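Hi there,

Here is the structure I promised to pass on to you. Have a look at it first, and then read my notes below.

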Amino acid sequence: MTATIKICGLSTPEAIDRAADLNADMAGFIFFEKSPRHVAIATAAALAERARGRGLQTVAVTVGMDDAGLDQIVASVKPDWLQLHGDESPERTADIKARFGLPVMKAFAIREAADLDRIAPYTGIADRLLFDAKAPKGSDLPGGNGLSFDWRLLAKLDDSINYMLSGGLTKDNVGEALGISGAPGVDVSSGVESAPGVKDPGMMDAFVRAVREADFTTPKRDGFRSK
């Protein structure tokens with residue numbers, strides 16, 4: 001089973017083209033002004049159109065956004081997925097999914113085993129989960145901090161759970177992360193950047209290569225390819 005690869009925080013046509021050339025699966029656009037990867041809606045709309053034309057699924061990443069903001073993003077960007085990276089409740093997640101008729105990916109911040117107890121109420125609501133490391137104290141960013149967590153915590157998850165692994169992944173550790181967790185997909189952002197928000201083509205190449213090498217040696221859970 002090949003791991004799904006999502007490259008997040010894309011903000012230039014060159015980065016989109018590189019992701020497509022590498023046969024990545026998903027392109028993520030971040031709508032959170034405190035993030036160095038934030039993109040304006042008009043910019044994201046053009047990038048998303050380019051990404052779809054190159055066979056990438058598009059993901060709009062938001063943090064606790066209200067309906068008015070989501071309406072603008074969905075109407076202009078036309079994402080394939082909505083990723084909720086805030087404190088959205090199961091009820092709010094269900095409301096968003098029903099309102100827009102799009103698959104929803106719900107992010108969870110993980111530091112210890114007890115953090116995984118939060119996922120049960122989202123079963124049957126979120127189409128996919130994303131597990132990221134908890135932000136350090138004082139950080140304004142819920143993700144993209146370049147931190148990882150203990151991947152062994154995921155090894156006992158039910159095989160029916162669709163999820164992506166995120167947080168501190170790089171070319172040097174993604175193979176180990178896949179080997180330990182058996183994750184069906186990975187999400188990378190800062191791990192392929194030369195500076196915050198600046199995607200590096202060589203780092204993107206190396207990351208995808210490391211994932212594909214791990215594909216040949218690591219059993220995966222029953223995830224699904226995105227295209």
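**Lys 6 and its surroundings**

Setting aside neighbours within four places in sequence, Lys 6 is in contact with Met 26, Gly 28, Val 59, Val 61, Gln 83, Met 105, Met 164, Val 186, Asp 187 and Val 188, where contact means heavy atoms within 4.5 Å. With Asp 187 there is a polar contact, side chain to side chain, at 2.7 Å. (That term stands for a pair of N or O atoms within 3.5 Å; within protein, one must be able to donate a hydrogen and the other to accept it, and residues adjacent in sequence count only if both atoms are side-chain atoms.)

Lys 6 sits in strand β1, residues 4-7; strands are DSSP runs of E, at least two residues long, and helices are runs of H or I of at least four, both numbered from the N terminus. Is Lys 6 buried or exposed? Lys 6 counts as buried because its relative accessibility is 0%, and buried means under 20% relative accessible area with a 1.4 Å probe, protein chains only. Ser 166 is 160 residues away from Lys 6 in sequence, yet their C-alpha atoms are 9.5 Å apart.

**The whole chain**

Please keep in mind that this is a predicted model: local features need pLDDT of at least 70 and side-chain atom pairs 80 or more, while totals for chains, interfaces and linings use all residues. Residues are numbered from 1 along each chain as its sequence is written, and side-chain values use heavy atoms, leaving out hydrogens and water.

The chain has six helices and ten strands. Of its 227 residues, 53% are buried. Among contacts with a separation of 6 or more, 59% join residues 24 or more positions apart.

Enjoy exploring!

Technical notes
Buried means under 20% relative accessible area, exposed over 50%, partly exposed in between (1.4 Å probe, protein chains only).
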